[in-house]
Amino acid sequence: ESEVGIEVLVIGNDAYNIKGMPYDGVLSNCVTDAKAVKKALQKLGARCRLLKNVESIRTLEDSVSAWAEERLSKNVRIAFLFWAGHALSHRGETNLLPTFSRSDPASTETLKVGRDTLSLRDLISLVRKVNLKCTIEVALDSCRNEVKIKDATFGCTDGAKGKDAADNGSVDIIYSTAYGITADDNSPFK
């Protein structure tokens, strides 16, 4: 159990395999950034787990659920989630993209929001199911503008900003970019 009541799940995705994106979606600093965030939060007394290059929505859901069940069932004040990797906006919600495996690559022509992405709201709900009382803090280090993907939108077309934390209790979200903006991949942690 964490000395300070803070449990952290850090997720860094670099090894993307999405045809139709520049460099097949490969990023260069997300795993490095995730490791640095984990190290910094551990120094503050938080108990951290690192996930790297999550290849599927199912693996992401299973990993987050297992972490929450293992770490959040006791006296936890804060559950902290850090995501570094691709994301997109769709109807006012942020959606996270897994890396997809080398043996089963994805394509921007066939990817579909909802089927091949996980909404940030649903990710937060997986945590909230296990602990109804803790504050959930989320830091999202990603672009939110993958407009080449079917059904993705540039920005917030229906004025529905704020859906990411809806109906999930006490949740704070820190975004590295606004809707429709590309994140700067010039990491200070190189």
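1. Among contacts in the protein between residues at least 6 apart in sequence, 77% join residues at least 24 apart; contact here means heavy atoms within 4.5 Å. The model is a predicted one, in which local features need pLDDT of at least 70 and side-chain atom pairs count only at pLDDT 80 or more, while totals for chains, interfaces and linings use all residues. Residues are numbered from 1 along each chain as its sequence is written, and side-chain values use heavy atoms, with hydrogens and water left out.

2. Overall layout. The protein has three helices and ten strands. Helices (H or I, at least four residues) and strands (E, at least two) are DSSP runs, numbered from the N terminus. Their order along the sequence is β-β-α-β-α-β-β-β-β-β-α-β-β. Of the 190 residues, 53% are buried. Buried means under 20% relative accessible area, exposed over 50%, and partly exposed in between, with a 1.4 Å probe and protein chains only.

3. Cysteines. The structure contains zero disulfides, a disulfide being a pair of cysteine sulfur atoms within 2.5 Å. Cys 48 counts as buried because its relative accessibility is 9%. Cys 134 is also buried, with a relative accessible area of 1%.

4. Helix α2. This helix covers residues 57–71, 15 residues in total, and reaches 21 Å from its first C-alpha to its last, close to the 21 Å expected at 1.5 Å a residue. The expected span is 1.5 Å times one less than the number of residues in the helix. Its buried residues are Ile 57, Leu 60, Val 64, Ser 65, Trp 67, Ala 68 and Arg 71. Seen down the axis of α2, these residues fall within an arc of 160°, so they line one face of the helix; the arc is that of the directions from the helix axis to the C-beta atoms. An α-helix has 3.6 residues a turn, so residues three or four places apart point the same way. On the face of α2 turned away from the buried side are the exposed residues Arg 58 and Glu 69.

5. Which elements cover the buried residues of α2? They include the strands β1 (6–12), β3 (47–52), β4 (78–84), β6 (93–96) and β8 (118–119), together with the helix α3 (120–130).

6. Helix α3. The buried residues in α3 are Leu 120, Leu 123, Ile 124, Leu 126, Val 127 and Arg 128. These buried residues pack against α2, β4, β6, β8, β9 (135–141) and β10.

7. Rolling a probe the size of a water molecule over the atoms shows where empty space is left. A search of the whole structure finds one cavity of 30 Å³ or more. On a 1 Å grid over the protein atoms alone, a cavity is a set of points where a 1.4 Å probe fits but cannot get out, and lining residues have an atom within 4 Å of a point. The largest cavity holds about 40 Å³ of space; grid points are joined across faces, edges and corners, and the volume is the space filled by probe spheres set on the points. Ile 11, Leu 81, Phe 82, Trp 83, Leu 120, Leu 123 and Val 138 line the largest cavity. The elements that give two or more residues to this lining are β4 and α3, and β4 gives the most, with three residues.

8. Tyr 175. This residue is found in strand β10 (residues 171–175). Tyr 175 counts as partly exposed because its relative accessibility is 29%. Tyr 175 and Val 138 are 37 residues apart in sequence, and their C-alpha atoms are 8.4 Å apart in space. Val 138 is one of the residues lining the largest cavity.

9. Positive phi values. Tyr 23 has a positive phi of about 55° although it is not a glycine. Tyr 23 lies in the loop between β2 (18–19) and α1 (30–43) and counts as exposed, at 74% relative accessibility. Asn 53, another residue other than glycine, has a positive phi near 50°. Asn 53 is found in the loop between β3 and α2 and is partly exposed, with a relative accessible area of 26%.

10. Ala 15. The loop between β1 and β2 holds Ala 15, which is partly exposed with a relative accessible area of 32%. Which residues does Ala 15 touch, not counting residues up to four places away in sequence? They are Asn 53, Thr 99, Phe 100 and Arg 102. Ala 15 and Arg 102 are 87 residues apart in sequence and 9.0 Å apart in space, C-alpha to C-alpha.

Terms used. 1 Å grid on protein atoms, 1.4 Å probe; cavity = no way out; pocket = protein on both sides within 12 Å on 5 of 7 lines; lining within 4 Å.
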